[in-house]
Amino acid sequence: MIKITKNKDLGKLNTFGMKVKSACYLTYTEPDDLCKIDWESLPQPLFPMGSGSNLLFTKDFPGTILHSEYRKISILEEQSRGDVVYVEAGAGVEFDDFCQWAASKGYWGIENLSGIPGTVGASAVQNVGAYGVEAGDVISQVNCYELASGNFVCIDAKDCAFAYRDSFFKHHRGKYIVTSVVFRLSTLFSPQLDYGHLQEAVERNMEFVKAQSNPYLPCIEPFYGMPQMQLTPMLVRDTVRIIRDEKLPPVGKVGSAGSFFKNPVVSAETYNKVFSTVCAEKGADAKVPHYELEGGLVKIPAAFLIEYCGFKGASRGGAAVWEKQPLVLVNASGKATADDILGLEKEITNTIKQKFGIELSPEVDHI
C-alpha cells in the first residue's frame, strides 16, 4: 500500500527533533509498491529515509522522503548451510528489533550492534558499527529497487563498497531504494568481545545473571576466562544495551543523532604529535586512547579529543555536547535550530584542527 502526504511535518520523524517539513512524504508497505509509483510526478529530489536517526535536517526538504514499512523477517533455508544462517530482513524493520530477534534465536553476528537506532535499510546505507563490529561484516547482499531501470536488483556485499560509516549507497542516493538486506549469521559460538571494555562488562553482567539465578545453561568450555555458564548472543546484547543506556541520551526524550563525529584515522606521525602535545600539557605519564590499524594507521577516539578540548557538557544556544558522551551533540532545549547544531559542530572541529591538526568529519548526514 502506498500513502502520499504533502507538506509533511518531520519534527517527530527525525531523532534530532528538527522542526522541518518535506514537500512530500511517501510510505510503502511492500517492495512491489515501488513499481506502481509515478516517480516523475513527485517533488524532487527523492530521499529514502528510515527512522531519521542519523540525519541533521538543516532546512525544509524540497523533495520527497521515501519511507519503507516493509517489516518481514525470513530465514532463507535454501541458502543456509551448517552453522551459517542467511536471514532476509525488510528495510523497514527497526534494526534493534532485528538484533533482538537474532539474539532470541541464538544467532551470532549482530549482537554488538544492539541499541543502534534506525532501520535495517539504513544500517546497510550507513554501515553502522559498534564495539568492533560493522553491519558490512555480516551483510551478504542488499536488495534494491533501481529507479533508472524500474527493476529490482541484488547487490552483493563485495560490491557495496562498505567502509567506515560509508557504503556504495551513500554515494548513489536517489538512484537505489533499499528494499531488504540479507545477513549472514551463525549458530557457531563466536562472540566478539575484544573492543574496549566490552569483555569486562560482559563478565560483570554474567556474574549478575548468575546471582539472579537466571536460566543461562552451563557451557562445555570457558571462553575469555569467564565462568562456565553459557555466553549467549542475548547476554552480549543485554550488556551492550546497558552500556549504551548509561552513556547515550535516551532516544525520543533527548534529541540527537547518536555519534555525531567519526573517529579520525591518522598516521602514526600525527598520533605521536597528539601524544606529545598531551604529555607536554598533562605530564609524561599521560595517555591518549588509540587503536592501531593496518598500514601504520591509528584511530583516535573523537570523544577523547572533544573532551580534552573542553567541550564535554558545553552548550551553545539550544545545542549541547552530551555530558556523558562527548561524541554526541544534542538538542538540549528541544528547541535547538540547525544553526545552533552547526555552530557547535564548527567550533569543535575548528578547535581540534587548530590544536592537533586533525579535522573531524561528521558521521551524521546533513540534509
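Which residues make a nonpolar surface patch of about 290 Å²? Select Val265, Tyr291, Leu293 and Leu297. A patch here consists of residues with over 30% relative accessible area and no salt bridge, with like charges joined within 9 Å and nonpolar side chains (Val, Leu, Ile, Met, Phe, Trp, Tyr) within 5 Å. Areas come from the Shrake-Rupley method with a 1.4 Å probe, and for residues only the protein chains shown count as cover.

The model is predicted: local features need pLDDT of at least 70 and side-chain atom pairs count only at pLDDT 80 or more, while totals for chains, interfaces and linings use all residues. Residues are numbered from 1 along each chain as its sequence is written, and side-chain values use heavy atoms, with hydrogens and water left out.

Leu293 sits in the loop between strand 15 (291-292) and strand 16 (297-299). Helices (H or I, at least four residues) and strands (E, at least two) are DSSP runs, numbered from the N terminus. Leu293 has a relative accessible area of 35% and is partly exposed; buried means under 20%, exposed over 50%, and partly exposed in between (1.4 Å probe, protein chains only).

Two strands count as paired if DSSP finds at least two bridges between them. Strands 1 and 2 run antiparallel and are joined by seven bridges. Within this pair, Lys3 stands opposite Thr27 in strand 2.

The peptide bond between Gln44 and Pro45 is cis, with omega about 5°.

**Backbone exceptions**

Most residues other than glycine have a negative phi, and most peptide bonds are trans. Select Tyr131, in the loop between strand 8 (129-130) and strand 9 (133-134). Tyr131 is not a glycine, yet its phi is positive, about 50°. Is Tyr131 buried or exposed? Its relative accessibility is 12%, which counts as buried.

Ala161 is the next stop, in the loop between strand 11 (151-156) and strand 12 (176-186). Phi of Ala161 is also positive, near 55°. Ala161 has a relative accessible area of 47% and is partly exposed.

Now go past strand 12 to Phe189, in the loop between strand 12 and helix 3 (198-211). Phe189 is partly exposed at 36% relative accessible area. A distance drawn from the C-alpha atom of Phe189 to that of Val133 is 16 Å, for two residues 56 apart along the chain.

**Salt bridges**

How many salt bridges does the structure hold? There are 14, each being a side-chain nitrogen of Lys or Arg within 4 Å of a carboxyl oxygen of Asp or Glu.

Show Lys158 and Asp156, whose side chains meet at 3.8 Å, N to O. Lys158 is exposed at 68% relative accessibility, and Asp156 is partly exposed at 33%.

Then show Asp365 and Arg173, which meet at 2.5 Å, N to O. Asp365 is in strand 20 (residues 365-366) and Arg173 in the loop between strand 11 and strand 12, so this pair ties together parts 192 residues apart in sequence. Asp365 is buried at 14% relative accessibility, whereas Arg173 is partly exposed at 31%.

A further pair is Glu281 and Lys355, at 2.7 Å, N to O. Glu281 belongs to helix 5 (residues 268-282) and Lys355 to helix 7, 74 residues apart. Salt bridges with shared partners join Asp96, Arg237 and Arg241 into one network.

Strand 17 pairs with strand 18 (residues 319-321) in the antiparallel sense over two bridges, and Ser315 stands opposite Ala320 in strand 18.
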